[in-house]
Amino acid sequence: MPVAYTFADPRLAKLDGFGVEIDEARERADIILNRPPFNIVSMPQRDQLRLVFETLDDDARVRVIVVRAVGEHFSSGGNIKGFMEASPEIVSKLAWNIAAPFRASKPVIAANRGFCFGVGFELSLACDFRIVTDTTQYALPEQKLGQIPGSGGSARLQMMVGITRTKDIVMRSKRISAQQALDWGIATEKVADADLEKATDALVDELRAFSPMAQRTAKKLLNDTEDSPLSIAIELEGHCYSRLRQSHDFKEGVEAFHEKRKPEFKGY
């Protein structure tokens with residue numbers, strides 16, 4: 001059964017607008033946005049989210065991290081008034097904090113229901129997998145405030161869907177439906193709204209079945225080579241492949257394949 005996560009870091013003694021649960025039996029930790037009805041993300045919350053991701057990434061009990069939300073909406077975005085009150089130094093850290101899922105070595109799943117706007121969308125874009133439902137809408141509405149996305153949204157989106165679609169989304173503050181997100185490669189999977197939790201559970205269990213070392217290697221390789229020339233990407237892939245050939249998990253995977261049994265990966 002999931003239980004509340006206990007943090008040693010005093011900066012996480014009282015979480016602002018979200019909670020964290022761990023299910024050791026399923027090697028899973030959930031970060032749960034909990035400021036209904038729209039789960040608006042505060043400025044202090046961004047710092048805490050980064051610290052939580054870093055803590056969970058170092059926790060050997062956790063194999064997969066899930067980001068989800070209470071209620072009908074994942075998040076309608078950030079606290080707009082907070083931007084006016086924050087210092088330039090704090091604002092300059094926005095993208096670094098929200099990129100924490102991207103930097104984590106473990107797989108991170110965003111379970112997106114309802115509105116997923118602004119920083120809610122940017123946080124999801126920094127995750128490895130995005131599961132959407134019939135109700136999901138993505139948007140970067142900052143143009144309506146005389147601003148642009150400031151936490152990596154336009155940059156990540158352009159890498160995924162290209163400059164034409166990104167301009168359409170960013171410069172028009174255009175909302176993207178779940179089906180468009182799936183068709184354009186933003187979403188990993190689209191399910192009925194009532195099936196979001198079931199689909200998330202299934203993906204967690206699927207990812208847990210693989211070698212932790214191979215998962216870490218694959219994520220880092222793909223992240224590092226996203227904007228690399230093809231020749232460099234192939235070269236780095238070869239080095240990673242060679243390193244994994246020396247691992248216990250690769251040997252175990254090969255033996256299990258030939259013995260027609262389920263492999264028992266150890267993560268080294």
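Buried means under 20% relative accessible area, exposed means over 50%, and partly exposed lies in between (1.4 Å probe, protein chains only). The structure is a predicted model, in which local features need pLDDT of at least 70 and side-chain atom pairs count only at pLDDT 80 or more, while totals for chains, interfaces and linings use all residues. Residues are numbered from 1 along each chain as its sequence is written, and side-chain values use heavy atoms, with hydrogens and water left out.

A search of the whole structure gives 24 salt bridges, a salt bridge being a side-chain nitrogen of Lys or Arg within 4 Å of a carboxyl oxygen of Asp or Glu. R113 pairs with D193 in one of them, with the closest N and O atoms 3.0 Å apart. The two residues are 80 residues apart and link distant parts of the chain. R113 sits in the loop between strand 5 (108-112) and strand 6 (115-117), and D193 in the loop between strand 10 (189-191) and helix 10 (196-208). Helices (H or I, at least four residues) and strands (E, at least two) are DSSP runs, numbered from the N terminus. R113 counts as buried at 14% relative accessibility. D193 counts as partly exposed at 26%.

A salt bridge also joins D128 and K219, with the closest N and O atoms 2.8 Å apart. D128 lies in the loop between helix 6 (119-125) and strand 7 (129-133), and K219 lies in helix 11 (residues 212-224), so the pair ties together parts that are 91 residues apart in sequence. K219 is buried, at 9% relative accessible area. D128 is partly exposed, at 23%.

D9 and R11 form a further salt bridge, with the closest N and O atoms 2.8 Å apart. D9 is partly exposed at 21%, and R11 is exposed at 52%. Salt bridges also link E21, R26, E27, R28, D30, R68, D201, D205 and R208 in a network.

Two packed helices are described by the angle between their axes and the distance between the axes. The axes of helix 7 (residues 153-161) and helix 8 (residues 163-170) come within 7 Å and cross at roughly 140 degrees. Axes are lines fitted to C-alpha atoms, for helices over the stretch in contact, and angles run from 0 to 180 degrees between N-to-C directions. Helix 7 and helix 8 are therefore oblique to each other (angles under 35 degrees count as roughly parallel, over 145 as roughly antiparallel, 65 to 115 as roughly perpendicular and the rest as oblique).

F250 belongs to helix 13 (residues 248-259). F250 is partly exposed, with a relative accessible area of 36%.
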